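Hi,

Here is the structure I promised to pass on.

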Amino acid sequence: MTAMSCAEAEDLLGAYALEALPEDEMHRVEEHLRTCAEHRAIAGELRRTTLMLPLTVEDGDPSPDLRTRIVEAVKATPAQPAAPRARGTTVAPRRQISRLSTWAARSSRFAVAAVVALALGIGGLIGYQLGHAGQTQVTYAFLGDATAAPGAEARLVYFKDRKQAVVAATGLPRLTSGQVYEMWLIKDGVPVDKGISSSPTGDIGAPLSGDLSQFQQFAITIEPGEQQLPTTKPILVGNLQAG
Amino acid sequence: MAARLKRGETTAIESLYDRYGRLAYGLAFRILNERGAAEDVVQDAFVSVWRNAAGFDASRGSLRNWLFSIVRNRAIDRLRGSTRIRSEIDLADAEPRAQVPDAWEAVALDLERKQIQEGFGELPDPQRRTLELAYFGGYTHVEIASRMHVPLGTVKSRMRIGLEKMRTFLTARGVMA
Ligand SMILES: [Zn+2]
């Protein structure tokens, strides 16, 4: 069995990604991929595409007791400790949402929020918050997605008594023509449109109305114009129930 | 959810089932076309996820893809009456995946499904049919060539081009990175 050439591998990668190769041929492709970074990368992309195929299927209607049977089977099955094959089982750190502790230190970066707040007549409350643990308001800090919006940050200050919030974001990826930033509050998994911004600078300062205690998450997406539901993954998203 | 699963919380399996159970069953039924067998496969797959959760590494792929791969592979093995040897080469380094809160995953799932279905639906029939026979039928390229009465080279390029088109479509819509 001779080593597989790049041309031969190229020809088989689609079938390889779909697991549609007989075993001997599959092993020969594997052998090639171990030493060829270029085809390994292509195989990875095709494989990831294959992993989308289950989502072309419609929901089925299993019998209602399937859930019970699974839960019982699981309770009767001890989970195995991490096997040696699991390389680095640490889950990638989630973009944690921390309560803001350094608002004052960074307030200049979020001056835009202060302007919006003043326009809403709640500037005094921000001042209040600087010196006190807020009784009537709560501040959340969010970090941008590590891939889609590295370096982006947002602060959301919620004024409980007014049922009104102010969002300030900075360092968002720049928009291209026709795009907007769209803000969302998410309630029980359903995103509710909370307005758009087409800021050319990657900074947003905007009011957000509504009773935030009804919502579990805040998110920003980049959309091709205002949408009723997001059409893209969020560039920034985080929990509102941190504290 | 993955973290709860790794800690061995059985409620995590319930959450996982509530989110993906019907789709997992839909997938198994699509392959096996028989209720009892499809339910067995789904049950096995969830128990397998539970048993091996400690080794799950979220930086190398999503819980969802892992679950569906198990369902698919077990269903195909059952359909074909044998346990197929599968490639174990690690391609996960090609899978950068942003971590998003669970609630967003639920939202994203609906959106992604619509787009994936649209992308799949836009493939020319012969390409789509070829991908279906491979993925949901478990046929090899040679078997597909004989079923579709086309040369093997045609099957191989339909597979490759079909996947590439899906990928281009999904990348343009932000479903894939
Ligand atoms: Zn090569």
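Helix α7 (residues 123-131) of chain A has the lowest mean pLDDT among the elements of chain A, at 34, while helix α1 (residues 6-17) of chain A has the highest, at 96. pLDDT here is the predictor's confidence in each residue, from 0 to 100, and helices (H or I, at least four residues) and strands (E, at least two) are DSSP runs, numbered from the N terminus. Over residues 83-112 of chain A the pLDDT is below 50, and beyond near neighbours in sequence this stretch has 57 contacts in the model; contact means heavy atoms within 4.5 Å. Residues 114-134 of chain A also stay under 50, with 34 contacts beyond four places in sequence. As a whole, chain A averages a pLDDT of 77, and 75% of its residues score at least 70.

A bit of housekeeping: this is a predicted model, so to speak of local features we need pLDDT of at least 70, side-chain atom pairs count only at pLDDT 80 or more, and totals for chains, interfaces and linings use all residues. Residues are numbered from 1 along each chain as its sequence is written, chains are lettered from A and ligands numbered from 1 in the order in which they are written, and side-chain values use heavy atoms, with hydrogens and water left out.

Now the sheet. In chain A, four strands make an open, antiparallel sheet in the order β5-β4-β7-β8, where two strands pair if DSSP finds at least two bridges between them. Its edge strands are β5 (190-197) and β8 (236-239) of chain A, each pairing on one side only. Strand β4 (residues 180-187) and strand β7 (residues 217-223) of chain A are joined by seven bridges, and Glu182(A) has Thr221(A) as its partner in β7(A). On to β5(A), which pairs with β4(A) over six bridges; there Lys187(A) stands opposite Val190(A). These two strands form a hairpin with two residues between them, and Asp188(A) in the turn has a positive phi of about 50°.

And what about the two chains together? In chain B, 82 residues are in contact with 82 residues of chain A. Eleven salt bridges run between the chains, each being a side-chain nitrogen of Lys or Arg within 4 Å of a carboxyl oxygen of Asp or Glu. One of them joins Lys233(A) and Glu112(B), with the closest N and O atoms 3.8 Å apart. On the side of chain B that touches chain A, α5(B) gives the most, with twelve residues.

Cheers
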